[in-house]
Amino acid sequence: MSAYVFGDLHGCYDEFSKLLHKIDFNASKDELYLTGDLIGRGPHPEKTLDTIINLKQKFPDKIHCVLGNHDLNFLAIAAGFHTARKKDNLEGLLASDKLDLYLQFYYSTPLLYIDQNRKLAVSHAGVYPMWDLEEAQKHSNIFSNVLADPVSRKLFLANMYADHPVCYTKELESSDLNYWRFIVNAYTRMRLCDKKMNLDYGHSDCSLKEAEKDHLYPWFKYGKPYMYRNTAYTLVFGHWAALNAECNEKNIIALDTGCVWGNKLTCLCVDNGKKTTVKSGVKIEFSSMKKTS
Ligand SMILES: [Mn+2]
């Protein structure tokens with residue numbers, strides 16, 4: 001029995017299927033973790049979700065997903081609060097007679113998954129550097145309750161898109177919408193932040209060297225991530241394709257290698273730390289678009 005974490009699928013069903021085959025994945029024995037952005041932009045969102053939901057129905061304790069920004073974008077569109085862009089390639093899901101199944105699946109998907117036995121934490125963009133794992137779990141749980149409740153969910157999805165607040169304070173917790181939005185932005189959109197741990201949203205296209213000139217560094221260079229470096233816990237995240245799965249931090253592992261941009265899909269074997277990849281077959285029309293995954 002082995003455990004694997006897969007990077008961002010973005011509806012790249014063919015590569016997902018090839019990589020499962022390449023690692024000889026056995027759903028009745030092995031465990032599968034996914035870093036989110038299961039859909040969005042890529043060619044086969046229905047087949048991708050159908051496969052994951054099927055596996056999860058058959059082996060609920062062995063398939064673990066977390067939400068990414070594209071997954072939440074789909075929920076906001078399905079709820080009527082956001083307009084689908086052609087490039088999101090979500091029309092098939094939205095028109096499907098299985099739409100409700102897809103939505104119910106996502107409503108019960110968390111932002112953070114922690115496996116206490118394996119000492120493994122998985123989230124889409126990472127864990128906000130001011131939070132230790134216990135705090136991180138608390139904030140993720142609070143958002144899971146929001147998503148599970150139809151009234152709170154509607155309120156959140158109607159107000160999801162904004163770049164503020166940029167920083168967590170204890171006081172933020174008394175302001176529902178701002179607090180929820182911060183939790184979601186930290187878990188699904190975070191890349192760079194300043195030394196006060198303010199999240200930055202304005203440098204998504206620039207290199208790490210250019211960001212340094214503006215005193216911005218990757219979130220994993222700060223604060224509480226020391227705990228992953230010094231403990232047995234390993235934190236695995238996706239989202240940041242430009243890192244090309246390299247973050248050079250002990251016990252923090254980046255996995256997004258831009259499959260939807262024509263590069264490759266990567267998975268990590270948790271047991272031995274080995275990465276396996278398959279080349280992307282996604283056509284150039286996707287890879288030439290602006291990277292905002
Ligand atoms: Mn993403």
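This is a predicted model: local features need pLDDT of at least 70, side-chain atom pairs count only at pLDDT 80 or more; totals for chains, interfaces and linings use all residues.
Student: Why is serine 140 called buried?
Tutor: Buried means under 20% relative accessible area, exposed over 50%, and partly exposed in between, with a 1.4 Å probe and protein chains only. Serine 140 has a relative accessible area of 0%, and is therefore buried. Serine 140 belongs to helix 6. Helices (H or I, at least four residues) and strands (E, at least two) are DSSP runs, numbered from the N terminus.

Student: Which residues are in contact with serine 140, leaving aside its neighbours within four places in sequence?
Tutor: They are Pro110, Leu111, Leu112 and Tyr187. Contact means heavy atoms within 4.5 Å.

Student: How do you know that the span of helix 6 is close to the expected one?
Tutor: The expected span is 1.5 Å times one less than the number of residues. Helix 6 (residues 133-148) has 16 residues, for which 22 Å is expected, and the distance from its first C-alpha to its last is 22 Å.

Student: What makes the buried residues of helix 6 line one face?
Tutor: The buried residues are Leu133, Ala136, His139, Ser140, Phe143, Val146 and Leu147. Seen down the helix axis, they fall within an arc of 135°, so they line one face of helix 6. The arc is that of the directions from the helix axis to the C-beta atoms. An α-helix has 3.6 residues a turn, so residues three or four places apart point the same way. On the other side of helix 6, Glu134, Asn145 and Ala148 are exposed.

Student: Which residue caps the N-terminal end of helix 6, and at what distance?
Tutor: Aspartate 132 does, with a side-chain oxygen 3.1 Å from the backbone nitrogen of glutamate 134. A polar contact is a pair of N or O atoms within 3.5 Å; within protein, one must be able to donate a hydrogen and the other to accept it, and residues adjacent in sequence count only if both atoms are side-chain atoms.

Student: Is lysine 224 buried, exposed or partly exposed?
Tutor: Lysine 224 has a relative accessible area of 22%, and is therefore partly exposed. Lysine 224 sits in the loop between strand 8 and helix 10 (226-230). Not counting residues up to four places away in sequence, lysine 224 touches Pro129, Met130, Trp131, Asp132 and Glu135.

Student: What makes strand 5 and strand 9 a pair?
Tutor: Two strands pair if DSSP finds at least two bridges between them. Strand 5 (residues 120-123) and strand 9 have 4 bridges, in the parallel sense. In one of these, leucine 120 has threonine 234 of strand 9 as its partner. Strand 9 is also joined to strand 10 (residues 252-254) by 3 bridges, again running parallel. There, valine 236 is partnered by isoleucine 253.

Student: How do you know that both faces of strand 9 are covered?
Tutor: Thr234 and Val236 on one side and Leu235 and Phe237 on the other are all buried.

Student: Why are strand 3 and strand 12 said to stand at the edges?
Tutor: The open sheet has 5 strands in the order 3-2-1-11-12, with mixed pairing. Strand 3 (63-65) and strand 12 (275-279) each have a single partner strand, so one side of each is left without a neighbour in the sheet. Strand 2 (residues 31-34) runs parallel to strand 3, with 3 bridges, and strand 11 (residues 264-269) pairs with strand 12 in the antiparallel sense over 5 bridges.

Student: Why is threonine 48 called buried?
Tutor: Its relative accessible area is 0%, so threonine 48 is buried. Threonine 48 is found in helix 2. Leaving aside neighbours within four places in sequence, threonine 48 is in contact with Leu9, Gly11, Cys12, Tyr13 and Leu38.

Definitions and conventions. Residues are numbered from 1 along each chain as its sequence is written. Side-chain values use heavy atoms; hydrogens and water are left out.
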